[in-house]
Amino acid sequence: MRIAFRYTGNTYDAEVLIQETYLRAWTSFSSFESGTNVLAWMARIMRHIWIDMHRRATRRPQETLVGSWDGHAAHGVDVAQSAEAVALQRHGDDSLKECIAGLPRSFQTVVFYADVCQYPISEVAAIERIPVGTAASRLHRARRHLRSQLTSNGDVVVSDVPGDSRGGAGTAPTHHVGVHATS
């Protein structure tokens, strides 16, 4: 536990790291050489898992919870609104309802469960009795279709906004999508 905590810095992630280590050790026990140090073998597995987890985490864009700070903004953090949020502010409920009604029925249900009911994609897949990958694909395609429909009238243009300028070696690039009104 001490080694895992030293790698991760918190108890929860250390427990996850330990579980992953035991799982990988169990599945690859055939590669263990009899007569060698089991603890060193497990420590090497743990280190490799931690490196994989750390690399995976640094490749993800930086996430910020925008609507949960009760009006308090973080100091020095400039967060652009998502394209969907700006499009929803610019368009009334009627145009959104028309766009959703134009989606295929299978897309409508996935958007409803994922975006309106806020179910995780795994639960959406279980409700719809489809594979998780299919649900994720339908949700992505539905959102892309809605985004193009809501921005097609020329009032809103989706573009890249410069990300975090603190990046350097070993930090993940930050990518924000912002929306700018055209005149």
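Buried residues have under 20% relative accessible area, exposed residues over 50%, and partly exposed residues lie in between (1.4 Å probe, protein chains only). The model is predicted, with local features needing pLDDT of at least 70 and side-chain atom pairs counting only at pLDDT 80 or more, while totals for chains, interfaces and linings use all residues. Residues are numbered from 1 along each chain as its sequence is written, and side-chain values use heavy atoms, with hydrogens and water left out.

**Figure 1. Overview of the chain and its secondary structure.** The chain holds 8 helices and 2 strands, where helices (H or I, at least four residues) and strands (E, at least two) are DSSP runs numbered from the N terminus. In sequence order the pattern is α-α-α-α-α-α-α-α-β-β. Of the 183 residues in the chain, 21% are buried. Contact means heavy atoms within 4.5 Å. Among contacts between residues at least 6 apart in sequence, 52% join residues at least 24 apart.

**Figure 2. The salt bridge between Arg-143 and Asp-115.** A salt bridge is a side-chain nitrogen of Lys or Arg within 4 Å of a carboxyl oxygen of Asp or Glu; by this rule the structure has 2 salt bridges. In the one shown here, the closest N and O atoms of Arg-143 and Asp-115 are 2.4 Å apart. Arg-143 sits in helix α8 (residues 132-151) and Asp-115 in helix α6, so the pair links distant parts of the chain, 28 residues apart. Arg-143 is partly exposed because its relative accessible area is 34%. Asp-115 is also partly exposed, with a value of 28%.

**Figure 3. The salt bridge between Arg-24 and Asp-52.** The side chains of Arg-24 and Asp-52 meet at 3.9 Å, N to O. Arg-24 belongs to helix α2 and Asp-52 to helix α3, so this bridge ties together parts that are 28 residues apart in sequence. Arg-24 counts as partly exposed at 34% relative accessibility, and Asp-52 is partly exposed at 32%.

Figure 4. Rings of Phe, Tyr and Trp (its six-membered ring) pair if their centres lie within 6.5 Å; planes under 30 degrees apart count as stacked, over 60 as edge-to-face and the rest as tilted. The whole structure contains 6 aromatic pairs. For Phe-29 and Phe-32, the centres are 5.7 Å apart and the planes lie at 20°, so the pair is stacked. The rings of Phe-29 and Trp-41 have centres 6.1 Å apart and planes at 75°, so this pair is edge-to-face. Ring pairs link Phe-29, Phe-32 and Trp-41 into a cluster. Phe-32 is buried, at 17% relative accessible area, and so is Trp-41, at 7%.

Figure 5. Helix α3 has 22 residues and spans 32 Å from its first C-alpha to its last, close to the expected 32 Å at 1.5 Å a residue (the expected span is 1.5 Å times one less than the number of residues). At the start of α3, a side-chain oxygen of Asn-37 comes within 3.0 Å of the backbone nitrogen of Leu-39. The buried residues of α3 are Trp-41, Met-42, Ile-45, Met-46, Ile-49 and Ile-51. Their cover includes α1 (2-8) and α2.

Figure 6. Thr-109 is placed in helix α6 (residues 105-116) and counts as buried at 16% relative accessibility. The side chain of Thr-109 reaches the backbone oxygen of Ser-106 at 3.0 Å. This is a polar contact, a pair of N or O atoms within 3.5 Å; within protein, one must be able to donate a hydrogen and the other to accept it, and residues adjacent in sequence count only if both atoms are side-chain atoms. Ala-114 is also found in helix α6 and is buried, with a relative accessible area of 10%. Leaving aside neighbours within four places in sequence, Ala-114 is in contact with Tyr-119, Val-124 and Leu-139. The C-alpha atoms of Ala-114 and Val-124 are 6.5 Å apart in space, and the two residues are 10 apart in sequence.
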